[in-house]
Amino acid sequence: MTRIADDIKLDFDDVLIEPQRSELFSRKEVNIERTFTFKHTKETWTGVPIISANMDTTGTFELAKIFAEYKMLTAVHKHYSVSEWEDFIKNNPSILNHVMVSTGVSENDFQKVKDIMKITNDIKFICIDIANGYSRILEKFVSKVRKEFPEKIIVAGNVVSKNMAEVLHESGADIVKVGIGPGSVCTTRIITGVGMPQLSAIIDCADASHGLKGHIIGDGGCKTAGDVSKAFCGGADFVMLGGIFAGHEESEGEIVTIEGKKFKKYYGMSSSTAMKKHSGGVKNYRASEGKEVLIPLKGSIHKTIQQILGGVRSTCTYIGAEKIKEMPKRASFIRVNRIVNTVYGQSDGLNL
Ligand code: 5GP
């Protein structure tokens, strides 16, 4: 018989974080760096646990240099050639601790990861990413990569449920990437009807992963700095952002001028735009599961980064968390019907 789960699953917009009595007065007292020790490898990593998404507009070498200044991470997209990686590695040896090499699950992808890792020992993260992390091909690929690279920090996804988070950790993943359908240019929920509200996906997967000494990335669906804080409060160890970082001077994407106003293109990696660019078009047996949007040019990305980091610091002072790691312990969520007053329109608060 068809099953319907009737416990309520929530999204970022369904909750607010309740303020707590706190000794913290200034945002300066908050430490937004975390040090991680991982499940399978002996490696540790210290930095600000926010990751630019492995999309060809946001997971670029150009942005990686900027995010590294803030000790953040960039999941570099999988469409750079090995020789482009060679140049990047040669010219930026000091920031390799802040990049992830992204890969799909084909034999060619595997070979390419091996070729990139041969160039340097200083890249620690491999991000194995497929849209449907429930496919058994992912588990098998994660095991293969774990065997080849016992010392690397392996990210695998995307999934949204406890049991799959556990399966991926047991296959060799240190970090599980969580999110099916929440992305700003994702149409999976519309095209397939599949998905899970992102905050609940994070809460469920964090519970499973932390029980196994693993970690999770909350990937997709953050529209504001407040959503980033909600993801951390829900138990995300890292938060991955695409749309928030797209549309800036420094992000990749064609600029389009309409009636004198400048826009930058941002599109899903399963959109027909991306498929035309990287695989010669949409194959006739599949539908595109992403869309293309025009973002009014946002100016410099530095301001956006500072707004997000400032927002997270401020959340910490409201709930009395001295560091990001304490956020889930300190936070309690309140279910709400409305999160903002929209009488003067709706804003993401980032470009004011
Ligand atoms: P955003 O921060 O823009 O809300 O979400 C970024 C995330 O959306 C990415 O990290 C990735 O997981 C997801 N994503 C990117 N492109 C596509 C796509 O074409 N289709 C789907 N379903 N998800 C996408």
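Colleague: Where in this structure does Leu96 lie?
Modeller: In the loop between helix 2 and strand 6. Keep in mind that this is a predicted model.

Colleague: Why is Leu96 called buried?
Modeller: Its relative accessible area is 1%. Buried means under 20%, so Leu96 qualifies.

Colleague: Which residues touch Leu96, leaving out those up to four places away in sequence?
Modeller: Phe88, Ile89, Thr120, Asp122 and Ile123. Gln306 is 210 residues away along the chain, and its C-alpha atom is separated from that of Leu96 by 22 Å.

Colleague: What makes Ser52 buried or exposed?
Modeller: Its relative accessible area is 0%. The limit for buried is under 20%, so Ser52 is buried. Ser52 lies in strand 4, residues 50-52.

Colleague: How do you know that the side chain of Ser52 makes a polar contact with Thr58?
Modeller: The side chain of Ser52 reaches the backbone oxygen of Thr58 at 2.8 Å. A polar contact needs N or O atoms within 3.5 Å. The pair therefore falls inside the cut-off.

Colleague: Which residues of helix 1 are buried?
Modeller: Helix 1 spans residues 61-69, and its buried residues are Phe61, Leu63, Ala64, Ile66, Phe67 and Ala68. They pack against strand 4, strand 5, helix 2, strand 6 and helix 10.

Colleague: What follows helix 1?
Modeller: Lys71, in the loop between helix 1 and strand 5. Its phi is near 65°, a positive value in a residue other than glycine. Most residues other than glycine have a negative phi.

Colleague: Why is Lys71 called partly exposed, while Lys213 is called exposed?
Modeller: Lys71 has a relative accessible area of 38%. That value falls between the limits of 20% and 50%, so Lys71 is partly exposed. Lys213 has 67%. Exposed means over 50%, so Lys213 is exposed. Lys213 is in the loop between helix 7 and strand 10. It has a positive phi of about 65° although it is not a glycine.

Colleague: Which peptide bond is cis, with omega near 5°?
Modeller: The one from Gly157 to Asn158. Asn158 is in strand 8, residues 153-159. Most peptide bonds are trans.

Colleague: Which members of the largest nonpolar core touch the most other members?
Modeller: Ile50, Trp85 and Phe245, out of 82 residues. Helix 10, residues 301-319, gives the most to this core, with seven residues. Ile50 touches Met72, Val228, Phe232 and Ile308, among others. Apart from this core lies another, of 21 residues, among them Ile51, Met100, Ala246 and Tyr266. In soluble globular proteins, nonpolar side chains tend to be buried together.

Colleague: How many residues surround the ligand, and which are the closest?
Modeller: There are 21, and the closest are Ser184, Thr188, Asp219, Ser270 and Glu289. The shell divides into seven nonpolar, 12 polar and two charged residues.

Colleague: How much of the ligand does the protein bury?
Modeller: Taken alone, the ligand exposes 520 Å², and the protein buries 90% of that.

Key
Residues numbered from 1 in each chain as written. Predicted model: local features only at pLDDT ≥ 70, side-chain atom pairs only at ≥ 80, totals over all residues. Heavy atoms only, no water. Core = buried A, V, L, I, M, F, W, Y, C linked by side-chain atoms within 4.5 Å. Buried < 20%, exposed > 50% of the residue type's maximum accessible area, 1.4 Å probe, protein only. Helix = DSSP H or I, 4+ residues; strand = E, 2+ residues; numbered from the N terminus. Contact = heavy atoms within 4.5 Å. Near = heavy atom within 4 Å. Areas by Shrake-Rupley, 256 points an atom, 1.4 Å probe, with all protein chains shown as cover. Nonpolar A, V, L, I, M, F, W, Y, C, P; charged D, E, K, R; others polar. Polar contact = N/O pair within 3.5 Å; in protein donor to acceptor, adjacent residues only side chain to side chain.
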